[in-house]
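Thanks for making time. I'll walk through one model this morning, going from helix packing to the sheet and then to the charged pairs.

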Amino acid sequence: MPAPDAVVVGAGPNGLVAANLLADAGWQVVVVEAQDRPGGAVRSDRGVHSDYVHDLFSAFYPLAAASPVIRDLALDRYGLRWSHAADVVAHPLADGRCPVLSRDLRRTTASLAGFAAPDGAAWERLHRLWRRVGDDLVGCLFTPFPPVRAGLRLGARTGPGDGLRLLRTLLLPARHFGEEHFAGDGGRLLIAGNALHADLGPESALGGGFGWLMCMLGQDHGFPVPAGGAGRLTDALVARLRDRGGTVLCGRTVTRVVIRNGRAVAVRTTDGTEIPARRAVLADLPAPLVYGRLVGERHLPAPLRADVRRFQWDFATVKVDWALSRPIPWECEGARGAGTVHVAEGVDALTRFAGQLAMHQVPDVPFTVLGQMTTADPARSPAGTESAWGYTHVPQHIRGDAGEEDVRGRWDAHEKEAVADRVEAGVERLAPGFRASILARRVLAPPDLEQLNPSLVGGAVNQGTTQLHQQLVFRPLPGLGRPETPIRALYLCSATTHPGGGVHGACGANAARAALRAVRVPRLRRRNARPSDPG
């Protein structure tokens, strides 16, 4: 086989998107994946119960639904179908109230008006603002930094005064955002709960903007799931790539990027095999792993080595999968039809949870993001049952346990069960009888997640904090916020690069376009340097 034009290390969604775009440009592409099947954090299995499909990692895909990168791949031609729950997000409370985010704007506003009469109109104002600027904001988010074209469009649309007001709004902490816009708890909970899908607590800068972004994506696009399981999204990406001549090699761990004369020219696998790359190597792995393991310090300038040591991971994750004999018996009717349910007793509880994490304590009362997958996609389990999961966060480095079980980060059976029991206790408080419906469960602690996908270092599912100090020009390291590296022809295409976590494909697309541009520009320069015809 002739040497490929590009080697992509890692068959996660960003790596597969990058490979597809390079193949679209006529490049021969080989994707090398360490695991026995592609997908990275977009995989599903029947490991909990043979009759139930569970997504191993990510499950709901509002960013994919909104992403022009994913949309332009036309993955429906390769079997991808999206499925939706009746409602998007619900946040039930013990007093019976429950804000509901629905794709039906009137249902959302009516839900919030039930908390405070003006809040339905407040949500409509925020939605009108989104309709005005949302496309350009998404354009800024999904293109390399600086986002010149989308930024100019956004600036022209808002003008300098409104543009600065919008920037301030986006930088607000979720608590302050909610208090500015809503009189009651409903809208505040939707904003703050969605911000904590990342590691943005109610007092974190940028949390309000991120929570609003997630809510508006949910309002317009929902939180869709691939019909049949998350793995169907991966299947479509792989099928599209192979249709264009690309190759995916699984069970092959890359241990080194081969660098000659300052340029990436190949990758080497554990068995010593070198796979050459004529034009580029793209790495769908976290930047600290690429620089620390695949490249090596001798190829890196001292300031970059120091930046890598300061890289901050996001919170670690504990995920519990359940095979349930019936749908979850929520006392709040609004939670029964939602694909995603937030379990926490108010914004103050979210602050308490985030504060315990900041103190490196395992929270005693976890905030749980819960997925009702059969509610969102009936193909996930037999009729009348529910395939469900819940995840919560724990510190990367545990110093203590706010609870009584003395969880210290050993992650043996006792500690996994202790955290899972806390998660289940929170659900049981709002849905009495939930525990009695559990037929089987699986608990995935941070080391389990990392073993299943080594890119999830310490169980960090977003490949780096979403906090402001590690976004834009600071992601993954202080610089230009772009996929280029100090090594010529080596590009980062993982979620550690701008714009960060979530299945949207932008990190992969940005890297692929950078690689294509690097080949085109020298050709253009050579063409322009040719002597003119003297005749």
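Start with helices α5, residues 119–142, and α9, residues 207–221. This is a predicted model, and in it the two helices pack at an angle of about 100°, their axes 10 Å apart. That makes α5 roughly perpendicular to α9. On the α5 side the residues involved include W123, L126, L129, W130, V133, L137 and L141, along with H127 and R131. Across from them, α9 brings W212, L213, C215, M216, L217, Q219 and D220.

How much of α8 is covered? Nine of its 11 residues are buried.

Now the nonpolar cores. The largest has 58 residues, and those with the most contacts inside it are F60, W123, W130 and W212. Helix α5 gives the most to this core, with nine residues. Another core lies apart from it, with 40 residues, among them W27, A230, C493 and A512.

On to the sheet. Seven strands make up an open sheet with mixed pairing, in the order β7-β6-β15-β17-β18-β14-β20. Strands β7, residues 100–101, and β20 stand at the edges with a single partner strand each, so one side of each is left without a neighbour in the sheet.

Look at β17, residues 368–372. β17 pairs with β18, residues 386–394, in the antiparallel sense over four bridges. With β15, the pairing of β17 is again antiparallel and over four bridges. As for individual positions, V369 has Y391 in β18 as its bridge partner, Q372 stands opposite A388 in β18, and T368 stands opposite V343.

Is β17 buried or exposed? Five of its five residues are buried. In a regular strand the side chains alternate between the two faces of the sheet. In β17, T368, L370 and Q372 lie on one side, V369 and G371 on the other, and both faces are covered.

Q372 is the polar residue I would point to here. It lies in strand β17 and counts as buried, at 1% relative accessibility. What is Q372 in contact with, leaving aside neighbours within four places in sequence? The contacts are F60, I328, W330, A335, R336, A338, G339, V341, E386 and S387. F60 in that list is also one of the residues with the most contacts inside the largest nonpolar core.

I'll take three of them and one network.

First, D45 and R442, with closest N and O atoms 2.9 Å apart. D45 lies in strand β3 and R442 in strand β20, so the pair ties together parts that are 397 residues apart in sequence. D45 and R442 are both buried.

Next, D321 and K319 form a salt bridge with closest N and O atoms 2.4 Å apart. Both of these residues are buried as well.

Then there is D448 with K416, at 3.0 Å between the closest N and O atoms. D448 sits in helix α16, residues 446–452, and K416 in helix α15, residues 413–430, so this pair links distant parts of the chain, 32 residues apart. K416 has a relative accessible area of 18%, and because the cut-off for buried is under 20%, K416 counts as buried.

Last, the network: salt bridges link E417, D421, E424, R435 and R441.

That's the tour; I'll stop there.

Definitions and conventions:
Residues numbered from 1 in each chain as written. Predicted model: local features only at pLDDT ≥ 70, side-chain atom pairs only at ≥ 80, totals over all residues. Heavy atoms only, no water. Salt bridge = Lys/Arg side-chain N within 4 Å of Asp/Glu carboxyl O. Buried < 20%, exposed > 50% of the residue type's maximum accessible area, 1.4 Å probe, protein only. Core = buried A, V, L, I, M, F, W, Y, C linked by side-chain atoms within 4.5 Å. Pairing = 2+ DSSP bridges. Axes fitted to C-alpha atoms, helices over the stretch in contact; angles between N-to-C directions. Parallel < 35°, antiparallel > 145°, perpendicular 65-115°, else oblique. Contact = heavy atoms within 4.5 Å.
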